[in-house]
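Please take a slow look at the sequence and the 3D structure below. Let us walk through them together, one part at a time.

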Amino acid sequence: MTQRPPRPAADLDHQLAELEQEIGRLHVRARDHSESRETEIAALEQRAAQLREEIYRNPSPWHIVQLARQAQRPRLVDFLGSLFTDVIEIHGDRLFRDDPALLTALGRFDGQPVVVLGHNRGKDTKENIARNFGMPYPEGYRKALRAMRLAEKFGYPVISFVDTTGAHPGDQAEERGQAEAIARNIQEMSRLKSPILVVVTGEGGSGGALAIAVGDAVLMLQYAVYTVISPEGCAAILWHDASRARDAAAALKLTARDLQDLGIVDEVLPEPLGGGHRDAEAVYRVVRDGLGRHLQALREVPREVLLDRRYAKYRRIGRVVETLAAGGDGDRAEARP
Amino acid sequence: MLNWLRRPKYGTVERREMPAGIWDKCPRCRNLIYRKELERNLMVCPKCGYHHRLSAVERLEITLDQQAFQEYDASLTSTDPLGFEGYGAKLAEAREKTGQAEAVITGDGTIDGRRTVVAALDFHFMGGSMGSAVGEKITRATERAVESRLPLVIFSASGGARMQEGVLSLMQLAKTSAAIGRLHEAGLPYLSVMCDPTTGGVTASFAFLGDIILAEPGALIGFAGRRVIEQTIRRKLPDDFQTAEFCLQRGLIDMVVSRAEMRATLARLLAFFGAPRVAPAPEEPAPAAQP
Ligand SMILES: [Zn+2]
């Protein structure tokens with residue numbers, strides 16, 4: 001990887017990792033040589049704790065972007081393995097091919113049948129190349145829609161995990177209708193007759209994320225991000241300076257807390273200090289708990305009410321003003337030839 | 001152009017980016033075209049057929065029957081909800097330049113005597129980008145079509161979501177698409193016309209959800225940008241990539257229709273889908289047929 005210019009948050013992360021290694025070495029030495037290293041270890045532990053505090057108590061939006069991109073963050077397959085039982089993966093859009101960047105599965109949550117889908121990111125380069133880094137082609141989104149229709153037919157809830165830098169930007173994806181596939185999913189999810197729960201777990205990259213992220217409840221992990229464009233892309237386009245990505249990360253209001261304030265995210269799921277990759281079990285616990293509560297609440301909602309509420313949820317997102325006429329909604333201005 | 005639609009509200013408007021001389025150089029064939037001739041030809045180059053970009057006002061003028069337009073939400077505009085660096089100034093500049101409050105005009109009017117709700121995006125207003133206001137106006141227009149049992153025609157021309165409003169812009173894809181979904185459920189026709197350029201978030205929402213999708217010749221239509229795609233696949237793309245003709249050949253749209261034929265084509269489609277004539281066919285011939 002090339003060095004991005006300003007990454008102090010990541011640098012602190014690096015320092016912390018070195019400290020933790022050193023502490024580990026001292027523990028080993030103390031054990032192997034029966035030496036007492038307690039004071040030394042205690043001092044280092046204290047320094048490490050300070051560092052953790054410093055980094056994580058108030059992470060900047062740019063630092064949160066780094067956390068969201070952390071390679072060891074829990075991925076869809078981890079959630080599948082830890083939160084669901086009786087998992088059966090299903091494949092293909094029935095039109096072109098099976099897209100490994102988007103996984104669809106049948107499974108049980110708390111013993112109840114659900115349909116699970118999501119961006120299928122890997123943990124290492126090999127996995128990621130095989131799964132196109134979780135960046136779907138149109139056939140991935142069409143596979144997702146097929147799985148959702150299946151859920152609708154049997155009245156099962158849909159649980160969707162969002163974690164992608166975006167839809168695959170390639171010539172073949174364009175030729176096969178990337179835009180149409182995303183638009184279709186967004187429209188159909190807005191009126192699918194099954195409860196839909198969305199969890200943004202890592203990166204929520206623009207239309208490629210939204211294509212599986214329209215739902216009755218949108219939950220978001222504390223250090224996930226959700227954005228209309230990457231901070232780097234935003235800085236390059238608006239300010240012609242990709243190195244201002246840090247500023248763009250702050251300006252775009254892409255963190256879970258920001259999005260909760262804007263009425264886009266319904267609940268922020270807290271992560272362990274320092275990010276989910278430090279304690280995956282803790283992440284599974286908050287996601288399981290969040291899904292359980294929202295599923296329970298949604299099961300009790302009649303279908304028509306569910307769809308009306310879902311429509312209203314998206315209907316009210318946005319900030320507009322009437323600049324000239326005093327009239328409000330429904331006001332009509334005559335044409336003035 | 002006919003100039004019957006309302007005059008701009010926000011100061012003076014330069015009608016076009018081209019020099020206001022008597023002759024214009026065609027950006028495609030480089031021929032010098034007499035300005036009057038170009039205007040008579042609906043801003044289509046008579047030598048090579050290049051379709052110049054139109055403002056939303058111009059689009060409505062050449063599409064709707066004269067004097068039949070009732071605008072919706074003319075004063076509705078985006079705020080600067082995120083306090084985004086430079087956004088306020090850009091909005092002000094766009095209003096000054098176009099005379100419009102936002103990047104879309106919505107309302108209802110008649111095409112060949114058939115009433116329809118219509119929206120036209122304006123690429124000259126911040127690249128026709130969709131923020132809260134564009135999303136809200138498209139959504140309200142769509143809801144009015146449902147309430148009034150009218151068809152919907154949208155002319156798209158947009159670079160995509162307006163990044164200065166962050167995820168609020170992205171959510172307009174969901175809001176508009178949900179509204180279009182209700183229009184489909186209501187059994188009302190939606191004709192989507194893609195003009196140059198229609199890219200990004202607008203393609204990934206209402207523009208690709210039409211019952212019938214039309215496009216102007218040569219219009220750029222696509223989700224991802226050419227440069228990003230070239231970086232991904234590490235080779236040059238062919239010149240015709242993401243053009244209207246390319247999309248037609250790949251099965252993504254229904255038809256490519258020249259500007260001269262667009263109004264008549266929309267009228268035929270509206271008639272086919274059962275939109276009733278509410279007014280007699282206009283006495284003056286369609287603009288395309290004017291001398
Ligand atoms: Zn020409």
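Predicted model: local features only at pLDDT ≥ 70, side-chain atom pairs only at ≥ 80, totals over all residues.

Residues are numbered from 1 along each chain as its sequence is written, chains are lettered from A and ligands numbered from 1 in the order in which they are written, and side-chain values use heavy atoms, with hydrogens and water left out.

Let us begin with chain A. It holds 14 helices and 10 strands; here helices (H or I, at least four residues) and strands (E, at least two) are DSSP runs, numbered from the N terminus. The C-alpha trace of chain A spans about 85 × 55 × 40 Å along its principal axes. Chain A has 337 residues, and 53% of them count as buried. Buried means under 20% relative accessible area, exposed means over 50%, and partly exposed lies in between (1.4 Å probe, protein chains only). Among the contacts in chain A with a separation of 6 or more, 73% are between residues 24 or more positions apart, where contact means heavy atoms within 4.5 Å.

Now turn to the place where the two chains meet. How many residues does the contact take from each chain? Chain B gives 70 residues and chain A gives 61 residues. The area buried between them is about 5700 Å², with carbon and sulfur atoms giving 62% of it. Buried area is the accessible area (1.4 Å probe) that two parts lose on being put together, summed over both. On the side of chain B, Met163(B), Met171(B) and Phe223(B) lose the most area to chain A, together 11% of what that side buries.

There are also 18 residue pairs in polar contact between chain B and chain A, both residues being at pLDDT 80 or more. A polar contact is a pair of N or O atoms within 3.5 Å; within protein, one must be able to donate a hydrogen and the other to accept it, and residues adjacent in sequence count only if both atoms are side-chain atoms. Several elements of chain B each supply at least two residues of the side that touches chain A, including strand 3 (70–72), strand 4 (76–78) and helix 4 (132–148). Helix 5 of chain B provides the largest share of that side, 17 residues. Strands take part as well: strand 9 (residues 320–322) of chain A and strand 4 of chain B run antiparallel and are joined by 3 bridges. Two strands pair if DSSP finds at least two bridges between them.

Next, look inside chain B. Is helix 2 (residues 56–63) of chain B enclosed or open? Here 8 of the 8 residues are buried, so helix 2 of chain B is largely enclosed by the rest of the structure. Its buried residues include Glu58(B), Arg59(B) and Leu60(B). They pack against several elements of chain B, among them strand 5 (104–111), strand 6 (114–121) and helix 8 (259–272).

Finally, let us follow the charges. Side chains of opposite charge can pair when their charged atoms come close. A salt bridge is a side-chain nitrogen of Lys or Arg within 4 Å of a carboxyl oxygen of Asp or Glu. The whole structure has 49 salt bridges over all chains, and the count between chain B and chain A is 8. One of these joins Arg235(B) to Asp171(A), with the closest N and O atoms 2.9 Å apart. Arg235(B) is partly exposed, at 45% relative accessible area, whereas Asp171(A) is buried, at 10%.

Within chain A, Arg293(A) and Glu267(A) form a salt bridge (2.6 Å, N to O). Arg293(A) lies in helix 13 (residues 280–299) and Glu267(A) in strand 8 (residues 267–269) of chain A, so the pair ties together parts that are 26 residues apart in sequence. Another salt bridge links Arg25(A) and Glu22(A) (2.8 Å, N to O). Both lie in helix 1 (residues 8–32) of chain A, 3 residues apart, about one turn of the helix.
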